[in-house]
Amino acid sequence: MEAQSVVMLLGVLDDHGVDACIGGGWGVDALLEQQTREHSDLDLWLPDAHLEPLFAGFAGCGVDRIFPWPGDRPWNFVLHDGAQLRVDLHLYESLPDGALHYGSVTSGVVFPIHALRGRGVIAGISVRCEAPEWAVRWRTGYPLRTVDRHDVSLLCERFGVDLPAGYVDRSPGSAAAPRPR
């Protein structure tokens, strides 16, 4: 997905009153204020109450098909346009105490609203994205991919966040020893 497509989709959502926050790889590149790699999709966080206006906005630009993916859930699924635009949605619910709930009632995750209050830039446009420490935190607890290692190392270096345990190679003679803080 190209940066211009991201900006176009964000404009459509803004026009429809959708409070979207960028996550995933584009969220990392927004924080870094430059594109550091290619992206196959756009990850978005949004309040569950904004799903209907998102559908209306995306239908107008052809992003109107569900892209089945292993592990899809009602709060996390992918929409696409049948060609090049693919959006991975992450729906959350705002709780009375201001925290956010993501996932099922029995196995969901609660996190603070500031996790989605990062600021970044894509194609010269200021955007809201995951906060750096949360962008790192959400890239743990699963088998790491090359893109995760790329993204996390850049975020940790730029924002002074410690590398998570799974990212540190502690083998003898490793050049990837933990950074002193």
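In this predicted model, the side chains of Arg139 and Asp151 form a salt bridge, with 3.9 Å between N and O. Arg139 belongs to the loop between helix H4 (132-137) and helix H5 (146-159), whereas Asp151 is part of helix H5, so the pair ties together parts that are 12 residues apart in sequence. Both Arg139 and Asp151 are buried. Through salt bridges that share partners, Arg37, Glu130, Arg139 and Asp151 are joined into one network.

Glu130 is buried, as is Arg139. The structure has 6 salt bridges in total. Among them is the pair Arg145 and Asp148, with an N to O distance of 2.8 Å. Asp148 has a relative accessible area of 1%, and is therefore buried, the limit being under 20%.

Leu116 sits in the loop between strand S7 (109-111) and strand S8 (118-122). The relative accessible area of Leu116 is 1%, which means that this residue is buried. The C-alpha atom of Leu116 is 8.3 Å from that of Ile22, although the two residues are 94 residues apart along the chain.

Attention may now turn to the pockets. The largest pocket has a volume of about 1000 Å³ and a lining of 33 residues. Nearest its centre lie Asp43, Asp88, His90, Tyr142 and Arg145; Arg145 is also the salt-bridge partner of Asp148. Two or more lining residues of the largest pocket come from each of helix H2 (24-32), strand S2 (42-47), strand S4 (76-80), strand S5 (86-94), S7 and H5. By class, this lining comprises 12 nonpolar, 9 polar and 12 charged residues.

The second largest pocket holds about 280 Å³ of space and is lined by 15 residues. Helix H1 (3-15) and strand S9 (125-129) are the elements that give two or more residues to the lining of the second largest pocket. H1 gives the most, with 5 residues. The lining of the second largest pocket divides into 8 nonpolar, 3 polar and 4 charged residues.

Key. Residues are numbered from 1 along each chain as its sequence is written. This is a predicted model: local features need pLDDT of at least 70, side-chain atom pairs count only at pLDDT 80 or more; totals for chains, interfaces and linings use all residues. Side-chain values use heavy atoms; hydrogens and water are left out. A salt bridge is a side-chain nitrogen of Lys or Arg within 4 Å of a carboxyl oxygen of Asp or Glu. Buried means under 20% relative accessible area, exposed over 50%, partly exposed in between (1.4 Å probe, protein chains only). Helices (H or I, at least four residues) and strands (E, at least two) are DSSP runs, numbered from the N terminus. On a 1 Å grid over the protein atoms alone, a cavity is a set of points where a 1.4 Å probe fits but cannot get out, and a pocket is an open set with protein on both sides within 12 Å along at least five of seven lines; lining residues have an atom within 4 Å of a point. Grid points are joined across faces, edges and corners, and a volume is the space filled by probe spheres set on the points. Ala, Val, Leu, Ile, Met, Phe, Trp, Tyr, Cys and Pro count as nonpolar, Asp, Glu, Lys and Arg as charged, and the others, Gly among them, as polar.
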